[in-house]
Amino acid sequence: MVSRVVALLSAFAIVIGAAQAGNDDLKPLEKIVGTWRLVAASPTSPLQAGFITYTGDGRMSAILRHGGRKPLTTGDRISASVEERAEAFATLFAYAGSYDVVGDKIVHHVEIASVENWVNTDLIRLVRFDGDRITLTTPPLSVGGKIQTTELVWERVR
C-alpha cells in the first residue's frame, strides 16, 4: 500500500514538474491555446490593440483596432454620420472561426468577420513562439492599397 502511494506521489510530482518547466516541450497546438493581447505591430501597421483567443477544441476569435480611434459623436452606431461610421469601420476589425496549426503556420478558417469578403476564406499566418509571446506574420497582402507583410507580437493573458 505504501509503495503504491509513493508511486502515485512520484508520478504526480513528475507531472507537476513538467507543467512548471514551461511550455517548451508542448506541441504547437497546445502552446497556442489561450488568450493573447497585442503588444507590438510592424512599424508600418496602424494596429495598436487587440486580442486573439484560441480554444483547445479548435476555435478562434480576433478583434483588433487602430490607434487614434475617436468616439462617435452620438454614441449610436446607427445614427452616427456616414463619415463617422466609415472611420469606425475602417479602424476596427474582427473575425472568428476554426483554426489548424500546420508546421510553423496557423490557418484561421474564417466563418464570421467584420469584413464580409473574409468569410469562407483561410487567413494563413507564420507563427513563432518565444516564451509567453507569439509572433504572427502575414504573407504579403494589400493594406491601404500597399502590399506589405505585417508582424504582430502577442503576449499571453494570465
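In which sense do strand S1 (residues 34–41) and S2 pair, and over how many bridges? In this predicted model, the pairing of S1 with S2 is antiparallel and runs over four bridges. Within this pairing, Trp 36 is placed opposite Ile 52 in S2. The two strands make up a hairpin, with five residues between S1 and S2.

S2 also pairs with S3, again in the antiparallel sense, over seven bridges. A hairpin is formed here too, and four residues separate S2 from S3. The turn of this hairpin contains Gly 58, whose phi is positive at about 85°.

Together with Val 157, they make a nonpolar surface patch of about 220 Å². Ile 63 belongs to strand S3, which spans residues 59–66. The relative accessibility of Ile 63 is 41%, and the residue therefore counts as partly exposed, since the partly exposed class lies between the limits of 20% for buried and 50% for exposed.

Aromatic contacts were examined next. A pair of aromatic rings is described by the distance of the centres and the angle of the planes. Three aromatic pairs were found in a search of the whole structure. One of them is formed by Tyr 54 and Tyr 99, with 4.9 Å from centre to centre and 70° between the planes, an edge-to-face arrangement. Tyr 54 is located in strand S2 (residues 47–54) and Tyr 99 in strand S4 (residues 92–102), so this pair ties together parts that are 45 residues apart in sequence. Tyr 54 and Tyr 99 are both buried.

Phe 93 and Trp 118 form an edge-to-face pair as well, because their ring centres are 5.4 Å apart and their planes are at 85°. Phe 93 lies in strand S4, whereas Trp 118 is in the loop between strand S5 (105–113) and strand S6 (122–130); the pair therefore ties together parts that are 25 residues apart in sequence. Trp 118 has a relative accessible area of 24% and is partly exposed. Phe 93 and Trp 118 belong, along with Tyr 95, to one aromatic cluster.

Technical notes. Residues are numbered from 1 along each chain as its sequence is written. This is a predicted model: local features need pLDDT of at least 70, side-chain atom pairs count only at pLDDT 80 or more; totals for chains, interfaces and linings use all residues. Side-chain values use heavy atoms; hydrogens and water are left out. Patches are made of residues with over 30% relative accessible area and no salt bridge: like charges are joined within 9 Å, nonpolar side chains (Val, Leu, Ile, Met, Phe, Trp, Tyr) within 5 Å. Accessible areas come from the Shrake-Rupley method with a 1.4 Å probe; for residues, only the protein chains shown count as cover. A salt bridge is a side-chain nitrogen of Lys or Arg within 4 Å of a carboxyl oxygen of Asp or Glu. Buried means under 20% relative accessible area, exposed over 50%, partly exposed in between (1.4 Å probe, protein chains only). Rings of Phe, Tyr and Trp (its six-membered ring) pair if their centres lie within 6.5 Å; planes under 30 degrees apart count as stacked, over 60 as edge-to-face and the rest as tilted. Two strands pair if DSSP finds at least two bridges between them.
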